[in-house]
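Please walk me through this model with a few questions and answers.

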Amino acid sequence: MREMEKRSLRACLGKEWLYCDGGTGSLLQEKGLKGGELPERWNLERPEDVIEIAESYFRAGADIVNTNTFGANRLHYPDRAELEQIVRAGVRHVREGLSRSGRTDGFVALDLGPTGRLLKPMGDLEFETCVEIFAEVVRWGKEEGADLVLIETMSDAMEAKAAVLAAKENSNLPVFVTVVFDEKGKTLTGGTVESVTAMLEGLRIDALGVNCGLGPVQLYPIVKKLTEVCSIPIIVNPNAGLPHAKDGKTYYDLSAEEFSDEMKKIASLGVQVLGGCCGTTPEHIRLEIQKTEELPFCEPVKKHRAVVSSFSQTVELGKRPIIIGERINPTGKKRFKEALRNGDIEYILEQGIEQEDAGADMLDVNVGLPEINEPDMMETVMTRLQGVTALPLQLDTTNLEALERGLRLYHGKAMINSVNGKEESLETVLPLVAKYGGVVVGLALDEGGIPEDAEGRIRVAKKIYARAAEYGIPPEDIIIDGLAMTISTDDNSANVTLEVLRRVRDELHGHSILGVSNISFGLPQRELINSFFFALAMKSGLSCAIINPNNEAMMAAYRSYLALSGFDRQCQGYIAEYAGKANVFAGKGKVVVAAEGGEKAKIGSAELPEGMQGSPLIDAIRFGLGEKATEETKRRIEEGEAPLDIVNRELIPALDVVGKGFEKGTLFLPQLLMSAEAAKAAFEVIKSAMSGTARKERGSVILATVKGDIHDIGKNIVKVLMENYGYKVYDLGRDVPAETIVETAVAHDVKLIGLSALMTTTVVNMEDAIKLIREKKPDAKVVVGGAVMTKEYADDIGADCYAKEAMDTVRYADTLFPEA
């Protein structure tokens, strides 16, 4: 048994087993909490019950017990005075529970749950508003004496980022984050274990893990993956198995004995913090501790992975040379400058889409022009790009405000271009890298300019590494630019650059980057020099190349190098690209690399039905280009094409392809919603042209988040999709009584009702709603969904369909309302 004394959490984290508490909602329900009743109000109305729960967990052996503040934020409690009282009381109650347990070695975790709203551009919640929502709770919790901030049950990594920034900017407390993954290892917004880890480790949280949604059996492979990529302490807080309904109550299928046996298996994977979530009790935690505390403890192992990520995709440096598309940059590009001046964002997005299709792994984003507001433009372009492509981005700017704005709002771990050896640069850029995370490009120049020889550039590189270390930035997050200077003015410049590349690889054991085409400036037929230099650079250890992936000579050199160097297994990518081509340089195409790495999150034209490839309208919908979809639809109608033909031949098939990509996991929620919005823009044009609806509505559906639940992310996603597939939607909002749902269904003779719930304490109201629907509107079908739902649970409560994902609701509706 641990000695009963106050410990430093940061001192013991990652050095010994730590245990979290279990579920709170189910214990409150046992004490009388009604379905849909807001549990945080019990901090004021039933304080003794809340204290007893905290005490029971400390007596069971838990080191960390959460405050009853999971949903305590201004969106749920608009009365600010009441909210502050709830938060402060929540901290005091856990502290009192610790005192009553007779222990002094426990920690009070200020519990921050999700807001229940989607952030822009997918939803309507501003990022900075989200930060402030969490920030005020953090300030009150810290003042009241919380020992750490636990950000839990996050299904959107960007919302987790807002909460992390709120915690770090308003306290010095340790920050733990636990994320909800589905059985495919994806978050609601498409995040993977790798991408979420990259972003949150970059933000320098203290511990990272998983909770809720699944039981320990289902979480096992996800935790195993987490141990392979995560360098900080790992938390595992599963549910007590999967939920079921019986006699109007929710229960979970793992007993305390069974749960603890499964957690013993998870402990052996090399995690550091264990606990429980929905359905677990003090007995679950007591047995979990009993069976694991004597197991060998494994400290976290630094993985030293150089990773850049988007919301759903990671690029790891060092496995093969990485292509960074250079076309989103105004330098030497008249048309691009015009687009920046005129706010033609969709032209810029098209440049990104084209480069992805041509084989880019990442995209450089440079939007600097003297006459525009660069911070605003960086925010706009970066945010819009992340809605149409899952490629990670390199933020390329010398404007510090634009850089910080971009890093703050970037959904992932960005590459940053750049810092150099000048003191001013080191002192202004590195703090931003340290705060927000990122892989930063280090230019091998300083106050003396660009050294002429390799030795001088390596000296600057070493200085950048050393200064970065002072800010806690590891060497793997530095990528050295050896600077390619034109050979037209210096015969030896290429040799110097190649030597720098070799020394960065062999002596510094680091990674490198080059703007390859600089080598040929001022020469004719530049692509000849560029392509040969590119091949030499890759052979010398080049990690990342900033090039135009639409240039076939450069891509031919790249594909050939991959085949010759063994990165392209059995030359599959090379053969796929060049077999049967009469002229090697005849066209562009997506590079296929049969090596490690995630599948590109995009929809290829090959997946479209025959005859649909190359349609500007279909492409606009596939890639979420709303303005282009509007313009193209108007043009087609003006040319005499029948509006319904446009709908049936192009809009609906394009949406179907996007939907299938989402179902297969090759396209993710941000892109799905952007495509839906583009289709909606096209439909609006068609409706106007027909002075009525674009097509006969296939049917009507009611959507509602059940009584007591204020989380409507899933419902809102389904609404967008249903409307775009031709359904009339009665959106009743959130916290909707069963009587309101039934009254609406009867009044409008609605035959399909969609119910959503996120919280364990509110799913019981879903069952009540279904019973009332069966009584008052027996011909209506009910589809249910939400993070706490399973097919078995849906069957138990009498639902007709379980929608695991948003598109499942659409597919089920299509079976009920086939098109005429």
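Burial, salt bridges and a sheet

Student: Is Asp49 buried or exposed?
Tutor: The relative accessibility of Asp49 is 14%. Buried means under 20% relative accessible area, exposed over 50%, and partly exposed in between (1.4 Å probe, protein chains only). Asp49 therefore counts as buried.

Student: What kind of model is this?
Tutor: Residues are numbered from 1 along each chain as its sequence is written, and side-chain values use heavy atoms, leaving out hydrogens and water. Local features need pLDDT of at least 70, side-chain atom pairs count only at pLDDT 80 or more, and totals for chains, interfaces and linings use all residues, since this is a predicted model.

Student: How many residues apart in sequence are the parts that Lys31 and Asp49 tie together?
Tutor: Their side chains meet in a salt bridge (3.9 Å, N to O), that is, a side-chain nitrogen of Lys or Arg within 4 Å of a carboxyl oxygen of Asp or Glu. Lys31 lies in the loop between α2 and α3, and Asp49 in helix α4, so the parts are apart in sequence by 18 residues. Helices (H or I, at least four residues) and strands (E, at least two) are DSSP runs, numbered from the N terminus. The answer is 18.

Student: Where is Lys15 joined by a salt bridge, and to which residue?
Tutor: Lys15 lies in the loop between α1 and β1. Its closest N and O atoms in the pair are 3.6 Å apart, and the partner is Glu299.

Student: Which strands are at the edges of the open sheet?
Tutor: Its 5 strands run in the order β22-β21-β23-β24-β25, with parallel pairing (at least two DSSP bridges between two strands). Each edge strand pairs on one side only, and these are β22 and β25.
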